[in-house]
Amino acid sequence: MERFRRDVYELFEELLEKQGYSRMYGQILAIIYLKEIPMTQEALERESDFSRSSINKAVNTLQNLGYIRKRKFGEGKKLVYYVEEGPKDILLSGFRSYISYLEKIHARFSKLFESTPKVEGLPLKKLKDFINQIPQITKLLNDALEKIDKLDFVFK
């Protein structure tokens, strides 16, 4: 059983690592996912070898990415974390995160060119061409995700 758990942790670690996040985040996600019950940071600390501060950072990031949710537990101020999403949402989250990242990069580059339209010594035409391709790429990726979303039968 322990070997199986370790293998599952490793798969989640690799999944998050390929999305540009620490393997620790993958392990925290795997722990929460496998428990099937909401977990406190204290429980996550007992289940892992990570410090409370590391766990806090991980659950905040995982929540921002949409992998986990949090809610207050009982009458106290304790927070618990749980997985609400299904496998499809978890697996496709990396694509959605990347599309969002591309949109932010495009906005930043556009703002930069508005404030500094000419800079000597830089190949601005080449850079502008690069930047102008970003919306087209994000549209293609969004269209692909819409088609994947229609393939629900695969994930049932």
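Axes are lines fitted to C-alpha atoms, for helices over the stretch in contact, and angles between their N-to-C directions run from 0 to 180 degrees. The exercises below use a predicted model.

**Exercise 1. How are α1 and α2 oriented to each other, and which residues meet?**

Step 1. Helix α1 covers residues 2–18 and helix α2 covers residues 23–35. Their axes lie 7 Å apart, and the packing angle is about 130 degrees.

Step 2. Angles under 35 degrees count as roughly parallel, over 145 as roughly antiparallel, and 65 to 115 as roughly perpendicular; the rest are oblique. The pair α1 and α2 is therefore oblique.

Step 3. The crossing in which α1 passes α2 is right-handed.

Step 4. On the α1 side the contact includes Val 8, Tyr 9, Phe 12 and Leu 16. On the α2 side it includes Tyr 25, Leu 29, Ala 30 and Tyr 33. By class, the residues of this contact are 10 nonpolar, two polar and seven charged.

**Exercise 2. Classify the orientation of α2 and α4, and describe their contact.**

Step 1. Helix α4 spans residues 52–65. The axes of α2 and α4 come within 10 Å and cross at roughly 80 degrees.

Step 2. That angle makes α2 roughly perpendicular to α4.

Step 3. From α2, the residues are Met 24, Tyr 25, Ile 28 and Leu 29. Among those they meet in α4 are Ile 55, Ala 58, Val 59 and Leu 62. The contact of α2 with α4 has eight nonpolar, two polar and one charged residues.

**Exercise 3. In which sense do β1 and β2 pair, and over how many bridges?**

Step 1. Strand β1 holds residues 69–72 and strand β2 holds residues 79–82. They pair in the antiparallel sense over four bridges.

Step 2. The hairpin has six residues between the strands, and Gly 74 takes a positive phi near 60 degrees.

**Exercise 4. How far apart are Arg 3 and Asp 7 along helix α1?**

Step 1. The whole structure contains 10 salt bridges. In one of them, Arg 3 pairs with Asp 7, with the closest N and O atoms 3.5 Å apart.

Step 2. Arg 3 and Asp 7 are four residues apart in helix α1, so about one helical turn separates them.

Notes. Residues numbered from 1 in each chain as written. Predicted model: local features only at pLDDT ≥ 70, side-chain atom pairs only at ≥ 80, totals over all residues. Heavy atoms only, no water. Helix = DSSP H or I, 4+ residues; strand = E, 2+ residues; numbered from the N terminus. Left-handed = near helix turned anticlockwise from the far one by under 90°. Contact = heavy atoms within 4.5 Å. Nonpolar A, V, L, I, M, F, W, Y, C, P; charged D, E, K, R; others polar. Pairing = 2+ DSSP bridges. Salt bridge = Lys/Arg side-chain N within 4 Å of Asp/Glu carboxyl O.
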